[in-house]
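Reader: Before we start, put the model up. I want each label set against its definition.

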Amino acid sequence: MMPLMEFNGLNKQKPYRAPSDVPFVIGLCLLGGVYVALILGMLLADAAYLHPSDFVQIFQSPEIRYATRLSLISSSLAALLSLWVAVPIGYLLSRFKFRGKSLLDAVLDIPIVLPPLVIGLSLLILFQTGLGRAVEKVIPITYAIPSIIIAQFVVACAFAVRTMRSTFDQIDSRREDVACTLGCSRSQAFWRVAFPEARRGMLTAGTLAWARSFGEFGPILIFSGATRMRTEVLPTSVFLEMSIGNIEGAVAVSMLMIAVAVVVLVVVRGWGAKEMLR
Amino acid sequence: MIKVDQVTVHAGDFELTDISFEVPTGDYCMLMGRSGCGKTTLLESICGLRKISAGRIFLMGQEVTHERAANRGIGFVPQDLALFPTMTVREHLAFALTLRKTEKKTIDRRVAELSELLDIVDLLDRKPAGLSGGESQRVALGRALSAAPGILCLDEPLSSLDAEARQEICDLLRRIKQETHVTTLHITHNNLETEVLADQLLRLEGGAVRLL
């Protein structure tokens, strides 16, 4: 019988050497690098297009200051609302089996796949129905500030739901099972075990929802209009500056948006990382 | 006492049919069987984590077939331990007691008592991420024992430990058995453990449980 470690076809004269890892790493860097270069190229081109006086001008503009304030407040409220809804829906989809789950899953993706303008139009029509008009009698929504928050929320929440679903999918449900054997109801197991573990996912979902809301434009244009000092958020400002031919102003507002978004995201993530270490 | 009476349980395509056995009060029972024969499925059914299709389950003389896991009074240690990563060891030991709205003084006393028994006094302020396999096992045992359950269910508690830790936990289980007299159902593969710990030995084989 042939010994197990000596079989035909194996070249023992030349010791085996695994292929180099260098081409693989270069390939990864090249593919990733193209995208990073594109992003940085856009930013550098924007910056090079501007004169410092353009920045001074937009900082002095009361309209832009109003739009910045409104953008920050509405995006933060939309992000909070999104989390409020995304956590229970994400948990429901992750932990429970029920009839119509696939349909619910598909419905929750609608705001992601629909063109933004269609979302704005659909919201506009919704608030023209009997129920919508009844709500409008109590709180003016359409073409008012609440419409901005609703338009941002509708889109941002869909992304937050996806993030929370995958967050809860990654948390082992076994720990909640053990909590139940120790005396927890499902609700107690959620609040005491799953919820604290989902903090990192909530931070990701919240920042994603905030960033999405901050850059939202299409639904806001249709549902809220583009009235200066009223329903003007920063993306609206870019649009309004463009529409009057002030390209420098539009680019300067864009740069302001990037700066504000980067500062907010860095601060939130930094705070989040510190919280996680506690 | 644990009494499983003609229980049928499904787990995906897998099925256990007409399973019956009984563990008398205060006994340390070890359930053996090959991998995939349904030991964990059976244990989870007793704990109330898996619904049974037929039969009845009695714990401490009460029928609990349709009772929620929370109300069965079982201390459960799963194979993967499932410690809570956001909680300290102290919070693990106090967990079941805080649910029962026990006074803080009583909780502190119980935590001290359990941490002494389990030799984890120095670990009380640590989180699971910093614990070794043996230490994690002790914490999981403490968490399961804290509310003084009538029944303890252990799913292969020694399988993932090195030889030294295995011996330590084995000694600890023997001590828990002697000091608490809690009725225990312990799943294992290892014959050596059975010699040291078992009052009663059961084997799950060919879809039936038989007394060895």
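Author: Chain B carries 25 positive and 30 negative side chains, with the centres of the two sets 4 Å apart. This is a predicted model, where local features need pLDDT of at least 70, side-chain atom pairs count only at pLDDT 80 or more, and totals for chains, interfaces and linings use all residues. Residues are numbered from 1 along each chain as its sequence is written, chains are lettered from A and ligands numbered from 1 in the order in which they are written, and side-chain values use heavy atoms, without hydrogens and water.

Reader: What makes a side chain positive or negative in chain B?

Author: Lys and Arg count as positive, Asp and Glu as negative; His and the chain ends are not counted. The place of a charge is NZ of Lys, CZ of Arg, CG of Asp or CD of Glu. By that rule chain A has 25 positive and 18 negative side chains, and the centres of its two sets lie 8 Å apart.

Reader: How do you know whether chain B agrees with a compact globule?

Author: Take the radius of gyration over C-alpha atoms; the globule rule is 2.2 Å times the number of residues to the power 0.38. For 212 residues the rule gives a value near 17 Å, and chain B has 17 Å, so chain B agrees. Its C-alpha trace spans about 45 × 40 × 30 Å along the principal axes.

Reader: And what does the rule give for chain A?

Author: A compact globule of 278 residues would come near 19 Å, but chain A has 26 Å. The C-alpha trace of chain A spans about 90 × 60 × 40 Å along its principal axes.

Reader: Why is Ile119(A) called buried?

Author: Buried means under 20% relative accessible area, exposed over 50%, partly exposed in between (1.4 Å probe, protein chains only). Ile119(A) has 5%, so it is buried. Ile119(A) sits in helix α5 of chain A, residues 116–126.

Reader: What is Ile119(A) in contact with, beyond its neighbours within four places in sequence?

Author: Contact means heavy atoms within 4.5 Å. Ile119(A) is in contact with Pro111(A), Leu114(A), Val154(A), Val155(A) and Pro219(A). Its C-alpha lies 9.2 Å from that of Ile220(A), 101 residues away along the chain.

Reader: What makes helix α8 of chain A mostly covered?

Author: Seven of its eight residues, 174–181, are buried. Among them are Arg174(A), Arg175(A) and Glu176(A). The cover includes α3 and α9 of chain A, together with α1, β6, α2 and α4 of chain B. Gly183(A) follows α8(A) and has a positive phi, near 120 degrees.

Reader: How many residues touch across the two chains?

Author: 24 residues of chain B are in contact with 18 residues of chain A. The area buried between them is about 1800 Å², 63% of it from carbon and sulfur atoms. Buried area is the accessible area (1.4 Å probe) that two parts lose on being put together, summed over both. In chain B, Thr86(B), Phe95(B) and Leu99(B) lose the most area to chain A, together 25% of what that side buries.

Reader: What share of each chain counts as buried?

Author: In chain A, 38% of the 278 residues. In chain B, 53% of the 212 residues.

Note on methods: Helix = DSSP H or I, 4+ residues; strand = E, 2+ residues; numbered from the N terminus.
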